[in-house]
Amino acid sequence: REFVRRIIALEPIINQSLGESSRLRYHSPILQSAVDGLFGALSAWRAVANHWGRLPPDEARQEAGVILQILPKERRSPPELVDPGQGSGAAPAGWMADPVGQQRIYEAAARRLIALPAVTVSGRLLADQTAKLLLGIAQALNALALLVADPDRSPPRRGGVRPRVADWLPAFVSAGRAFVTIGAVALFWVVTAWPSGAAAVTFAAITVILFAPRADQAYAIAIQFMVGTLLAAIFAAIIAFAVLPGLPNETFGAFSFVMLLYLVPTAALMAQPSLTAMFTAMTVNFVPLLAPANPESYDPAQFYNQASAILAGVSAATLSFRLLPPLSPAYRTRRLLALTLRDLRRLTWGRTREDWEGHVLGRLSAMPDEATPLQRAQLLAALSVGSEIIELRQIARRFGIEDDLGPALAAIAQGDCAAATARLARLDAALAVEAAPGPETQTMLRARAGVLIVSEALTRHTAYFGVGAPR
C-alpha cells in the first residue's frame, strides 16, 4: 500500500522533467508506460498475495516451487539473504548498470510463465499474475534504460500519451474561480476607468490559472507569489529612481550590469524549494514592473500606476484561492473512489470503457498524498476486478456460458458481495465442467483464476464494493 503512494509521487516528478528536457518530452509515452507498468505489477502482486494467504501451506510451497524455477536467478534469493532495507529506495543490483539486459530477462521469464502448462487453478493464477508483475517491471526498466543507458533510442511508434481526466469537478471549480476572479477585476476596471486596469486583469488571470493545479497548496504558494511581486516592485522602484538616474553614462553595458546584479541572485534562489514561488515572482515580474525603454522615462506616476495594477491583479487572484478554495484532499479521494465504483458497476452491465485500465490508472495517479493506504488499496482492487470482468466476458461469450456469468455480475452491480461471491462460486463450478482435457484447458483455467481474483477482492474489500448495497 505504501508502494502505491510512491508510484503516485512519480507523476509530478515526470511532469517537471518533461518541462526541463525536450528529449524526455519526445519519449513521454515510455515514462507514462513505466508508471502504468508499476501499477500493473503491484496489482498483480496483490492478487498473488490475496490468493497465497488462502492456500494450505503444502500446496502453497508446491505451487511456489514451480514459479520460482522460472524467475530470474538474481530475484530468487533465499529470504534470509534479502536485505530488509532494500525497499527503502535502493534499486536492485544490475538495474542501473544494465537496464536493457534486465528488461530482456524479465520479459523472457514472463513469456515462460504465460506458456507454463498449469495443472491447477492456483497454479494458473500464480503463473499469470507473476508474469504480469514481471512485465510491469520490464516497462519500468524500459524507462530506466531511456534515462541512464540509451538516451538516443528511437521514439515509440504509437502516438503520444492519451489524456486522462481523473475527475472533472476540480477542473470546473478552477474554471469557476478563474471566471469570477477575472470578471471581478475586469468589472472594477470598467467601473473605475482605471488606465492600467488591463494589466491588473492580465496578472489576475496569470496567477489564478498558474496555481490552480496546485490544489490545496495553491493559496500558500499564491501568498508567496504576492510577496515576491511586492518585493520586485520595491526593488524596481529603487533601481528606476535611485540607481539608473545616478549612472554617470546611461549605456547599454551599464544597464545590463545593473540587471545582472538583480536577476542573477533572484534566479539562482528560485531553486530554494520552500521559497520557489516568491523568488519566481521577484524574477519574472521585475521586468514588467521596471518597464525599461529607450530612451528611459522616469515617470513616478506611470510607474506606481503600473505597479499597483500588477499587485492588485496578483492580490485578487490570491484572495480568490481563500474565498473559493480547492476541493479538500479527503473529498477528492472519496470522489475518485465513488466514481471508480460507479464505472465498475456500469462495466458489469456491459458498458465497457474503451480504456478501462488507463482510466483507473489515471485516477490512481491523481490520488492525493493524504489518501489513506486502505483507500489506495481499494482503488487498486477496483482496477483488478474491472480488468478481470472484461476478460471473463470475452471468455464467457466464447464458450457460451454468459448465463452463468450474468447473475454474478448483477450481484456485483448491486453491491451484494456475499451473493456475488456465491454466484461466482457457481460460475467456477460451471467452468470446471467445461474444462475437459484439450487445447482449451489453459483458457478455462485462466477464466477460473479470474473468478478467484474477483471473489478474493470482493471478500477483502467488502466495505468498499458493498457501498450502497440493499439492506
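A contact here means heavy atoms within 4.5 Å. The structure is a predicted model, in which local features need a pLDDT of at least 70 and side-chain atom pairs count only at pLDDT 80 or more, while totals for chains, interfaces and linings use all residues. Residues are numbered from 1 along each chain as its sequence is written, and side-chain values use heavy atoms, with hydrogens and water left out.

The chain has 21 helices and 0 strands; helices (H or I, at least four residues) and strands (E, at least two) are DSSP runs, numbered from the N terminus. Of the 471 residues in the chain, 46% are buried, where buried means under 20% relative accessible area, exposed over 50%, and partly exposed in between, with a 1.4 Å probe and protein chains only. Among contacts between residues at least 6 apart in sequence, 75% join residues at least 24 apart.

Confidence comes next. The average pLDDT of the chain is 84, and 89% of the residues score at least 70; pLDDT is the predictor's confidence in each residue, from 0 to 100. The value falls below 50 over residues 79–88, a stretch with 5 contacts in the model beyond near neighbours in sequence. Where pLDDT is low, the predicted coordinates should not be read in detail.

Two helices can be compared with their expected span, which is 1.5 Å times one less than the number of residues. Helix α15, residues 329–348, has 20 residues and reaches 29 Å from its first C-alpha to its last, close to the expected 28 Å. Just after α15 comes G350, with a positive phi of about 95°. Helix α17, residues 373–399, has 27 residues and reaches 39 Å between its first and last C-alpha, close to the expected 39 Å. Because 19 of its 27 residues are buried, α17 is largely enclosed by the rest of the structure. G400 follows α17 and has a positive phi, near 70°.

W356 belongs to helix α16, residues 356–365. This tryptophan is buried, with a relative accessible area of 2%. Leaving aside neighbours within four places in sequence, W356 is in contact with T340, D343, L344, L347, A382, L383, G386, S387 and I390.

A166 lies in the loop between α7 (121–148) and α8 (168–192), and is buried at 13% relative accessible area. In sequence A166 and H359 are 193 residues apart, but C-alpha to C-alpha they are 7.2 Å apart in space. Residues up to four places away in sequence not being counted, A166 touches L336, L339, G362, R363 and A366.

On a 1 Å grid over the protein atoms alone, a cavity is a set of points where a 1.4 Å probe fits but cannot get out, whereas a pocket is an open set with protein on both sides within 12 Å along at least five of seven lines; lining residues have an atom within 4 Å of a point. The second largest pocket has a volume of about 1600 Å³, where grid points are joined across faces, edges and corners, and a volume is the space filled by probe spheres set on the points. Its lining has 40 residues, of which E11, N15, P213, S365 and A366 lie nearest the centre. At least two lining residues each come from α1 (2–8), α2 (10–20), α8, α15 and α16. The most is given by α8, with 7 residues.

S320 is found in helix α14, residues 300–323, and is buried, with a relative accessible area of 6%. A polar atom of the S320 side chain lies 2.5 Å from the backbone oxygen of A317. Not counting residues up to four places away in sequence, S320 touches R177, T181, V208 and P325.

Two alanines in loops remain. A193, between α8 and α9 (197–210), has a phi near 55°, a positive value in a residue other than glycine. At 58% relative accessibility, A193 counts as exposed. A291 sits in the loop between α13 (286–290) and α14, and its phi is also positive, near 50°. With a relative accessibility of 45%, A291 counts as partly exposed.

Conventions:
Polar contact = N/O pair within 3.5 Å; in protein donor to acceptor, adjacent residues only side chain to side chain.
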